[in-house]
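Please look over the structure below. The questions and answers that follow go through some of its features.

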Amino acid sequence: MPDDRDVLGPETGPGLLGNTYVGEAAATEVAVSRSIDHHGPDEPLAEKKLGVLFWIAVGWVALVALAAIFANVLPLHSPTYEDFTAINARPSAQFLLGTDDNGRDLLSRLIFGARVSLVIGFVSVAVGLAIGGTLGLISGYRGGKLDSFLNAASFVVLAFPLIVALIAIISFWTPPTLFKITVILAAGTIPLFYRVVRATTLAFANRDFVIAARTLGATNRRIIFREILPNVVPAAISFALITVAIVIVLEGTLAFLGLSVSLPTPSWGNMIYQGTTNGDLTTNPYIMLWPALAMFLLLLAINIIGDRVRQRFDIREGLL
Amino acid sequence: MGRYLLRRLVQMVVVVVIITIFAFLLIHLLPGDPSVSILGPNDTPQNRAIVLEHLGLNKPLWQQYFIWLNQLLHGSLGQSYLTKEPVTHIVATSFPIDLELIIISQALAFAVAIPLALVTARRPNRALDRLATTGTFGLLALPPFVIAPLLVAVFAVGLHWFPATGYVPFTQAPATNLHDMLLPSLAITAGSIAIYYRLLRSDLIATLQEDFITMARSKGLTPRSIMVHHAFRPSTFSLLAAAGLNIGLLIAGTFVVEYLFAINGLGLALVNAVYQRDYLVVQGITVVVAVFFVVLNFLVDFLFTVIDPRVSRE
């Protein structure tokens with residue numbers, strides 16, 4: 001399978017990749033490689049302005065991030081204190097969002113839980129992008145045996161049942177902590193970024209301006225950093241934003257396997273899980289409702305930001 | 001064409017073999033072994049040695065792998081260490097559940113995504129297009145574990161339209177079965193609709209810029225006919241490739257939905273088997289998942305050659 005992806009059109013830009021979800025990056029590569037004669041930007045009438053929605057989305061992400069960072073100094077109840085006089089309390093002045101079935105303040109758990117989602121989402125993607133991106137850049141530019149090997153390896157990793165790998169690795173390395181989960185998910189995103197960056201690098205490696213630079217005697221290092229990297233970054237960034245959303249969802253999935261951060265430490269994933277067990281959905285839907293809503297809005301905001309960034313870069317690319 | 005397909009077939013077998021080796025190593029290298037679950041309170045070193053000997057788990061790993069592979073080639077996947085249920089039987093009862101979830105959810109996704117993309121791609125950035133695009137962003141932001149509890153809360157707990165949990169095989173009571181499977185399928189559909197719609201829409205917009213579309217327009221064909229007969233087919237590459245990967249990930253990947261709706265599909269069986277170190281069950285399900293994944297993507301590749309014969313000449 002891997003060798004079908006070797007031929008890539010010059011328009012393997014952020015356009016198509018930007019729309020993707022989990023493993024679809026690989027799929028789009030195939031598609032892109034086969035639709036070489038589809039010229040032109042994918043959205044010819046794309047807006048040049050970022051729009052109000054974009055700034056609302058940025059505002060929401062910033063608000064969640066600030067709340068998470070300053071959770072310790074905010075006037076909140078302790079996220080783990082169990083108030084037995086207020087079990088399953090409805091939202092009130094004392095508990096703005098209510099309490100859970102152990103009498104813990106939901107607002108406080110929501111805000112402390114945001115730390116887990118944000119750290120896992122952004123840190124693991126940053127690490128995965130740095131490692132996977134570097135490998136993809138070298139592999140795509142150099143080609144040869146290293147490229148064939150890494151390409152085949154990344155395909156096998158992507159075809160492996162994800163859940164088996166995650167359960168296996170996390171059972172190896174107990175108990176799950178924020179640090180360990182971040183490391184494991186970072187490792188998991190490496191093949192994704194490798195494929196996206198490699199595909200984009202291949203699309204630029206033989207463009208006229210690169211050949212011109214080489215003819216002028218530029219070193220490989222200079223060509224990679226000055227000619228290719230600036231063209232790869234937009235695709236990588238917009239894909240990275242989508243991956244942040246995917247990784248945040250993965251944390252939630254892990255929580256359902258009991259493999260996210262251990263209770264009583266809150267994460268949005270384990271709050272949703274907690275809210276759906278033991279009939280909590282009927283007795284106290286708020287436990288699940290608030291983190292579900294917060295996660296929905298965060299994912300929505302990240303997707304909107306990713307999409308606008310992608311449109312922006314498409315235009316810039318068109319001007320080159 | 002023949003050579004192309006043959007080459008792909010060889011690649012498929014290689015990928016499946018590599019995946020089974022990985023799964024085998026991963027699960028065997030995990031701390032703990034099935035003797036813990038089997039023995040329970042009788043877990044003494046002597047008993048454990050007897051159990052491991054009996055199950056053939058004291059042999060070198062490579063021997064165990066080839067014993068398993070030999071069995072597989074003779075049509076047997078072994079049996080569960082714990083329940084003694086043949087793995088083929090576990091697969092035979094769980095696989096149809098996953099298959100049904102996939103068929104219903106993907107049919108729904110295509111039924112919504114394709115017509116919507118055909119309508120909105122004609123006039124990008126008009127009101128309807130913006131509404132649909134923003135709407136699909138909303139769907140993308142609804143992972144199954146968010147949407148499933150919400151569906152249960154509203155339609156099962158609130159309105160009592162559907163049962164919250166339960167599964168009746170299709171062959172026993174088709175109507176009840178379809179009724180019960182609708183909510184779980186809906187939970188999976190949301191994300192798929194968004195992916196398919198966005199990919200098809202952007203490919204359609206690109207296709208509509210092509211010369212042959214201008215040609216069709218100048219012949220005086222109706223916009224509807226151009227969309228359906230000229231633009232649609234060459235715009236389905238990304239859609240098909242994404243569908244291949246997406247559906248491939250859904251087999252045994254719908255664990256959360258199965259858990260929330262108490263349906264015993266492959267995903268739930270796989271997760272339980274990993275926890276109990278039920279090696280043969282994990283191995284058996286992994287083979288099924290890997291074969292399904294590569295066959296599906298092989299079919300997608302084959303469809304590419306049907307849609308555009310140039311592909312096979314690459």
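Q: In which helix is the place of Val17(B)?
A: This is a predicted model, in which local features need pLDDT of at least 70, side-chain atom pairs count only at pLDDT 80 or more, and totals for chains, interfaces and linings use all residues. Residues are numbered from 1 along each chain as its sequence is written, chains are lettered from A and ligands numbered from 1 in the order in which they are written, and side-chain values use heavy atoms, with hydrogens and water left out. Helices here are DSSP runs of H or I with at least four residues, strands are runs of E with at least two, and both are numbered from the N terminus. Val17(B) belongs to chain B, in helix H1.

Q: Is Val17(B) buried, partly exposed or exposed?
A: Buried means under 20% relative accessible area, exposed means over 50%, and partly exposed is in between (1.4 Å probe, protein chains only). The relative accessibility of Val17(B) is 35%, so Val17(B) counts as partly exposed.

Q: Which element gives the most to the nonpolar patch?
A: A patch is made of residues with over 30% relative accessible area and no salt bridge; like charges are joined within 9 Å, and nonpolar side chains (Val, Leu, Ile, Met, Phe, Trp, Tyr) within 5 Å. The nonpolar patch on the surface includes Phe172(A), Val17(B) and Leu61(B), and its residues together have about 950 Å² of accessible area, by the Shrake-Rupley method with a 1.4 Å probe, where for residues only the protein chains shown count as cover. Two or more residues come from helix H7 (178-205) of chain A and from helix H1 (2-29) of chain B. With six residues, the element that gives the most is H1(B).

Q: How many helices does chain B have?
A: The secondary structure of chain B has zero strands. Its helices number 14.

Q: How many residues apart in sequence are the parts that Arg201(B) and Asp129(B) tie together?
A: A salt bridge is a side-chain nitrogen of Lys or Arg within 4 Å of a carboxyl oxygen of Asp or Glu. Arg201(B) forms one with Asp129(B), with the closest N and O atoms 2.7 Å apart. Because Arg201(B) lies in helix H8 (residues 174-207) of chain B and Asp129(B) in helix H6 (residues 127-140) of chain B, the pair ties together parts whose separation in sequence is 72 residues.
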